[in-house]
Amino acid sequence: MNAIEENAIELRHVSRWYGNVVAVNDVSMTVGPGITGLLGPNGAGKTTLLTMMAGFLAPSRGELTVAGQPSWRHPGVFRLLGLVPERDSVYAFLTGLDFVRSTAKLHRLADPDAAARRAIGIVNMADAQDRRISTYSKGMRQRIKVAAALVHDPRILLLDEPFNGMDPRQRLVMMDLFERMAQEGRTIVFSSHILEEVERMSGTIQVIVGGRLAASGDFRAIRRLMTSRPHVFLVRSSADRALGAALIGRPAVSGVELTPRGLQVRTSDFGTFTREIAGLCKDGGIALREVRPSDESLESVFSYLVAT
Amino acid sequence: MSVLLNPVVLRITLRAALGRKRALVFALVPTVLLGITVLLKLVAHSPVWPAEFLGVFGFSVVLPLTSLIIGTSVLGAEIDDGSIVHLLATPVSRLGVVISKFAAAVILTILFGAIPEFLAGAIAKGFGDRLTIGLLAGALLASVAYNALFVMLSLLTTRAIAVGLLYLLVWEGLLGNLIGGVRVLSIGQYSVGVANSIAHTSALNSHLTARTAIIMAVAVTLATLAVAVRRLSSFALKGESV
């Protein structure tokens, strides 16, 4: 088995359902060394996918292998794999060092103490390692979970919403860490519902919506898909009706609706639209008060991606 | 041995149990047992009260209830709050996890159930008395067999305490008294049987021979642990955000 196979996670037509609810629907992907972000709104199926990759859930249909073997009912896979679950529950009565050292012992590492201190150092938690986890902030608990997942130096790291609760500085430190690990040839898979987190981490993005793989590629490819979609803006001005009449004749504008909150403008070319609207207002002596994208929520972006 | 018993799992489980307020709950029932025993020692005149009280209250209430609370929580509490993932996201064998959790439950039940039963016997009759030794032997057997059953239940259902109570009240308490055959499948009867084989007193109301009791207890323990291991090997995380 070569190094790439050893680090690879492969899903072939994987589905998972709970009763009548389909959580993951016919997903096929190969995840190799580097960073892969699973991006999608809450409830999209990201956790179910990661849980299946970690072997804590059997696919209802399809095949899922980690380093060439199914992870379900194969705890041996954790020699290669580290998991940072989303749930915040850890053994709160242990100190951070106790917790990570215990994990090192469960992995039967030769020097559990040294491995634990090394992993704690990587996540910058040495100062707090002798405190009970119950006294940690959410971000600190998140980092000690990452330390425990890293303690055996895994080739593959699965992280479910790893940046939850971390402050921006901690987030950057973690992102740098994951990028370094990816450059060393490791496979890092993380889930997020926040576009900016995924944007910051270079690598492949798998967009999951409604249990399906909606799009995949690098961030720029995903971004292009998003920017070329129709945008809806809410525009408020001193003369909404006049501005609406002027806008409707522009090629970049595909629809205008006068609403009590202002003008709702649909555009297929938001770059041109945002440049033109200023000129139109100036020419017509209209005071422009607000131009606000009304559909920038991630969910609307995702639903667009699914529809295309 | 180390394949079966994982010292890290055992240590974390004991720390979790003894560090929580739950330890106070564990201590409640044996405290009542010892309190009543002291009281009876002072006021009771019947010569059979130690066997009657410690046989009935000890083997029908103290040991089963203590085992129920402990046995369902050693794995059940971690499954409920999700912390079990940190244990299972390692290559440690599922057999080792079950045996270590079971061992922790047995140790705790001996501490909070069997030793108080022995001390109560000693208060009533003295340390060297046949009844005291019999009560200890029966209590040790109960600590093992009940916990195997309750650890298994905690892996089979999220309502392990309710199901365990049903078993104790309906199967052992009600049907065990009405139908003779049920006694062969009653952990309470195994412990009374073993206790009586040493104490030899009709007041213990035993229906099984020591041989039958021990063979059945071993069979029940092995069978329930085997089911627990099988169940944990297929442990599935319930996705919160599927």
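These notebook entries record what I looked up in a predicted model with chains A and B.

**Entry 1: chain A overall**

I began with the dimensions of chain A. Its C-alpha trace spans about 75 × 45 × 35 Å along the principal axes. I then listed the secondary structure of chain A and found eleven helices and 14 strands. For burial, I noted that 42% of the 308 residues of chain A count as buried. I also looked up contacts in chain A between residues at least 6 apart in sequence; of these, 67% join residues at least 24 apart.

**Entry 2: the sheet with β1, β2, β4 and β5**

I traced an open sheet of four strands in chain A and read its order as β2-β1-β4-β5, with antiparallel pairing. Its edge strands are β2 (21–31) and β5 (69–70) of chain A, each of which pairs on one side only. I next examined how β5(A) is attached. Two bridges link β5(A) to strand β4 of chain A, residues 61–66, and the two strands run antiparallel. In this region I found T65(A) opposite P70(A), the latter in β5(A).

**Entry 3: the sheet with β11 to β14**

I turned to another open sheet of chain A, in which four strands follow the order β12-β13-β11-β14 with antiparallel pairing. The edges are formed by β12 (253–259) and β14 (288–293) of chain A, each pairing on one side only. From one strand to the next, the twist averages 20 degrees.

I then checked the pairing of β14(A) with strand β11 of chain A, residues 231–237; the two are antiparallel and share five bridges. Within this pair, V235(A) stands opposite V291(A) of β14(A).

**Entry 4: helices on that sheet**

I asked which strands helix α9 of chain A lies across. Helix α9(A), residues 240–248, lies across β11, β12 and β13 (262–267) of chain A, and runs at about 165 degrees to β12(A). I looked up helix α10 of chain A, residues 270–284, in the same way. Helix α10(A) packs on the sheet and touches β11, β12, β13 and β14 of chain A. The direction of α10(A) makes about 170 degrees with that of β14(A).

**Entry 5: chain B against chain A**

Lastly, I inspected where the chains meet: 25 residues of chain B are in contact with 30 residues of chain A. On the chain B side, the elements giving two or more residues are α1 (7–19) and α5 (84–88) of chain B. I recorded α1(B) as the source of the largest share, with five residues. By class, the side of chain B that touches chain A holds twelve nonpolar, nine polar and four charged residues.

How values were computed:
Residues numbered from 1 in each chain as written. Chains lettered and ligands numbered in written order. Predicted model: local features only at pLDDT ≥ 70, side-chain atom pairs only at ≥ 80, totals over all residues. Pairing = 2+ DSSP bridges. Contact = placed C-beta atoms within 7 Å. Nonpolar A, V, L, I, M, F, W, Y, C, P; charged D, E, K, R; others polar. Buried ≥ 20, exposed ≤ 12 C-beta atoms within 10 Å, placed from the backbone. Axes fitted to C-alpha atoms, helices over the stretch in contact; angles between N-to-C directions.
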